[in-house]
Amino acid sequence: MTTAAAAPRTGAVLADLLPATRVRDIALVVGGAVLTGLAAQLSVPVPGSPVPVTGQTFAALLVGTSLGARRGFLALALYTLAGSAGLPWFSAGSSGAGGASFGYVLGMLLAATAVGALARRGGDRSVLRTAGTMVAGSAIIYAVGVPYLAVAAGLSPSAAISAGLVPFLLGDALKAALAMGALPAAWKLMGRRG
């Protein structure tokens, strides 16, 4: 077991810069779930929508990108299972499966996996690639969340888009801009462009 991080191989994500141990992977998965749960508490109601603006989508995409597909999936699976089991760390301290916004949680699980896979292919190494990675992740979240919202809240497809997509586009653009600065900068700081 080594204590120094080796130079990242092709296909590395930021988490791979840490010394590889089973304890590291467990800590990263648990930490990713906790970060997502804490970010979900940054919740602002949206008038006319059962879905609030939260920090959890940004956290989920950041977790997936930083940890990679497997660990990102496991972190969001832990977050989803714990929240479904009653831990109050969905938006604004809610918990349980089946609410109108639960589809977004399921979408985040898939999105973290997808952006993690994209990050392994360099999707977080430049501003433009990071933008594409964040757009893809957000699209996955909406592709699951909006139809789920329509069914759970009894909304027409157009009403679900109006309530569950349109009000969030500006915020998602701001979150993507943060990621576009932070992720490539982290790689540059580490001196490891791959």
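Start at helix 5: its buried residues are covered by elements that include helix 2 (56-67), helix 4 (102-120), helix 6 (157-164) and helix 7 (169-190). Keep in mind throughout that this is a predicted model.

**Stop 1: helix 5**

Select residues 127-153. That is helix 5, with 27 residues. From first C-alpha to last it reaches 37 Å, close to the 39 Å expected at 1.5 Å a residue. Now colour its buried residues: Thr130, Ala131, Thr133, Met134, Gly137, Ser138, Ile141, Tyr142, Gly145, Val146, Leu149 and Ala150. Show helices 2, 4, 6 and 7 around them; these are among the elements that provide the cover.

Step just past the end of helix 5. Glycine 154 sits there, with a positive phi of about 65°.

**Stop 2: serine 138**

Go back into helix 5 and pick serine 138. Is this residue buried or exposed? Its relative accessibility is 14%, and buried means under 20%, so serine 138 counts as buried. Display its contacts next. Setting aside neighbours within four places in sequence, serine 138 touches Leu61 and Asp172. Keep those two residues on screen.

**Stop 3: the cavity**

How many cavities of 30 Å³ or more are there? The count is 1. The largest cavity holds about 50 Å³ of space. Colour by class, and the lining divides into 4 nonpolar, 2 polar and 2 charged residues.

**Stop 4: the largest pocket**

Move to the largest pocket, with a volume of about 330 Å³. Its lining has 25 residues. Select Val51, Pro52, Gln56, Ser101 and Tyr104 to find the ones nearest its centre. Which elements each supply at least two residues of this lining? They are strand 2 (53-54), helix 2, helix 4, helix 5 and helix 7. Helix 4 gives the most, with 4 residues. By class, the lining of the pocket has 12 nonpolar, 11 polar and 2 charged residues.

**Stop 5: helix 3**

Select residues 69-84 for helix 3. Its 16 residues should span 22 Å at 1.5 Å a residue, and its end C-alpha atoms are 22 Å apart, so the two values agree. Colour the buried residues: Ala69, Arg71, Gly72, Ala75, Leu76, Ala77, Tyr79, Thr80, Ala82 and Gly83. Then show helix 1 (22-40), helix 2 and helix 4, which are among the elements covering them. Glycine 86 follows helix 3, and its phi is positive, near 120°.

**Stop 6: alanine 92**

Carry on along the loop between helix 3 and helix 4, and stop at alanine 92. Check its backbone. Phi is near 55°, a positive value in a residue other than glycine. Most residues other than glycine have a negative phi. Then check its surface. Alanine 92 has a relative accessible area of 59%; exposed means over 50%, so alanine 92 is exposed.

Notes:
Residues numbered from 1 in each chain as written. Predicted model: local features only at pLDDT ≥ 70, side-chain atom pairs only at ≥ 80, totals over all residues. Heavy atoms only, no water. Expected span 1.5 Å × (residues − 1). Buried < 20%, exposed > 50% of the residue type's maximum accessible area, 1.4 Å probe, protein only. Contact = heavy atoms within 4.5 Å. 1 Å grid on protein atoms, 1.4 Å probe; cavity = no way out; pocket = protein on both sides within 12 Å on 5 of 7 lines; lining within 4 Å. Points joined across faces, edges and corners; volume = space filled by probe spheres on them. Nonpolar A, V, L, I, M, F, W, Y, C, P; charged D, E, K, R; others polar.
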